[in-house]
Amino acid sequence: MFEIIVKKELAPNVKLIEVKAPLIARKALPGQFVILRVYEKGERIPLTIAEKNIETESITIVFQEVGKTTKLLGKLRVGDKISDIVGPLGNPSEIERFGVVIGVGGGVGIAALYPILKGLKEKGNYVISIIGGRSANYVIFREEIEKISDEIYVTTDDGSLGRKGLVTDVLKEILEKRKIDRIWAVGPTIMMKVVSDLTKAYHVPTIVSLNPIMVDGTGMCGGCRVTVGGKIRFTCVDGPEFDGHLVDFDELLTRLKTYKDEETLALRLFEESEGEKVGYSKS
Ligand SMILES: Cc1cc2nc3c(=O)[nH]c(=O)nc-3n(C[C@H](O)[C@H](O)[C@H](O)COP(=O)(O)OP(=O)(O)OC[C@H]3O[C@@H](n4cnc5c(N)ncnc54)[C@H](O)[C@@H]3O)c2cc1C
Ligand code: FES
């Protein structure tokens, strides 16, 4: 059992939890994730390790409540325990000294981008961060990202913070003016697709962190199948990071909708039962 030792609400429906997980904290590297079950009979969901703390033997997870399991997770309080957490999973990010790098983060993906940029900064790269959200409330991890960035740009859809517009507007302007050695994009699939389409024209290597549906996290079930450069890849064992210029984003976007009806039903039943009938109890 994994105890929650810190819980914060970062934005509407976006929560941060710090969970005691000594073995995972010791091994986790930027870009890796865990798969957890809130309760014994619960669904397994993948979430990125946003931070680790060796002293408190804990990992930090930032998640958006989008469906039954993330809403259930969001109901837990400090002192509650998560049934199981498996990790660290996936390949770590390639953290090298590239030169000038850009990190593009959208929504909850900003938290997942943070450890990657932190690692890149520690390696001596010049780090430019472009982070965005729907409105000021949704731009999470701004102070953390600011600390490890040489330049930071913020965009919001409604202009309530930073510049009004999309992260790709700023990215395009920078690409027009400067030579960039590598780009990371982490956020909604559609944002990663648009970033990759844009950077392809400028021939800048671009890494994306994919978020398909996952079940086992061991390469056995095929749930996280993606096509990269015409070849089948499993995000849990071959990723989660891939060359954005080679990813078949249209296929990924279609596959993400596969269980839409079931997800909607599960959420409705969960909300009607107020968490009681899903087998979760605090005791
Ligand atoms: C490697 C990896 C790392 C991830 N890291 C994070 C993270 O750090 N924080 C975070 O909030 N989420 C992350 N996700 C996505 C997260 O796993 C899903 O949001 C979660 O599984 C949804 O479960 P649910 O039961 O609450 O909702 P579901 O009922 O499964 O889904 C509800 C709705 O949410 C949307 N949705 C579901 N899964 C995804 C997905 N994978 N990507 C985009 N939209 C989805 C769909 O519109 C769906 O209809 C990650 C996914 C992967 C594969
Ligand atoms: S989650 Fe099953 S193969 Fe990747």
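**Figure 1. Tyr114 is buried, with a relative accessible area of 7%.** Buried stands for under 20% relative accessible area and exposed for over 50%, with partly exposed in between, as judged with a 1.4 Å probe on protein chains only. The model is a predicted one, in which local features need pLDDT of at least 70 and side-chain atom pairs count only at pLDDT 80 or more, while totals for chains, interfaces and linings use all residues, and side-chain values rest on heavy atoms, leaving out hydrogens and water. Residues are numbered from 1 along each chain as its sequence is written, while chains are lettered from A and ligands numbered from 1 in the order in which they are written.

**Figure 2. The whole structure holds 2 aromatic pairs.** Rings of Phe, Tyr and Trp (for Trp, the six-membered ring) pair if their centres lie within 6.5 Å, and the pair is stacked if the planes are under 30 degrees apart, edge-to-face if they are over 60 degrees apart, and tilted otherwise. Phe98 and Trp184 make a tilted pair, with 5.9 Å from centre to centre and 55 degrees between the planes. Because Phe98 belongs to the loop between β7 (84-89) and β8 (100-106) and Trp184 to strand β12, this pair ties together parts that lie 86 residues apart in sequence. Trp184 is buried, at a relative accessible area of 1%. Tyr114 and Phe141 make an edge-to-face pair, with 5.5 Å between the centres and 70 degrees between the planes. This pair also links distant parts of the chain, since Tyr114 is in helix α3 and Phe141, 27 residues away, is in the loop between β9 and α4 (142-147). Helices (H or I, at least four residues) and strands (E, at least two) are DSSP runs, numbered from the N terminus. Phe141 is buried, with a relative accessible area of 6%.

**Figure 3. The largest nonpolar core contains 28 residues, and Val62, Ile110, Leu117, Leu120, Ile140, Phe141 and Ile145 have the most contacts inside it.** The elements that contribute two or more residues to this core are β2 (14-20), α3 (109-122), β9 (126-133) and β12 (182-186). Helix α3 supplies the largest share, 8 residues. At least three residues of the core come from each of domain 1 (2-89) and domain 2 (100-255), with domain bounds taken from an automatic or database domain assignment. A nonpolar core is a set of buried Ala, Val, Leu, Ile, Met, Phe, Trp, Tyr and Cys residues joined through side-chain atoms within 4.5 Å. Neighbours within four places in sequence aside, Ile110 is in contact with Gly105, Ile131, Gly132, Val139, Ile140, Phe141, Ile145 and Val186, where contact means heavy atoms within 4.5 Å.

**Figure 4. An open sheet of 7 strands runs in the order β11-β10-β9-β8-β12-β13-β16, with mixed pairing.** At its edges stand β11 (163-164) and β16 (241-243), each with a single partner strand, so one side of each has no neighbour in the sheet. Strands β12 and β13 (206-209) pair in the parallel sense over 3 bridges, and two strands pair if DSSP finds at least two bridges between them. Which residue of β13 is the bridge partner of Trp184? That partner is Ile207.

**Figure 5. Glu151 lies in strand β10 (151-156).** This residue is buried, with a relative accessible area of 16%. The C-alpha atoms of Glu151 and Val127 are separated by 6.7 Å, although these residues are 24 residues apart along the chain. Setting aside neighbours within four places in sequence, Glu151 is in contact with Tyr126, Val127, Ile128, Ser129 and Arg178.

Figure 6. Most residues other than glycine have a negative phi, and most peptide bonds are trans.
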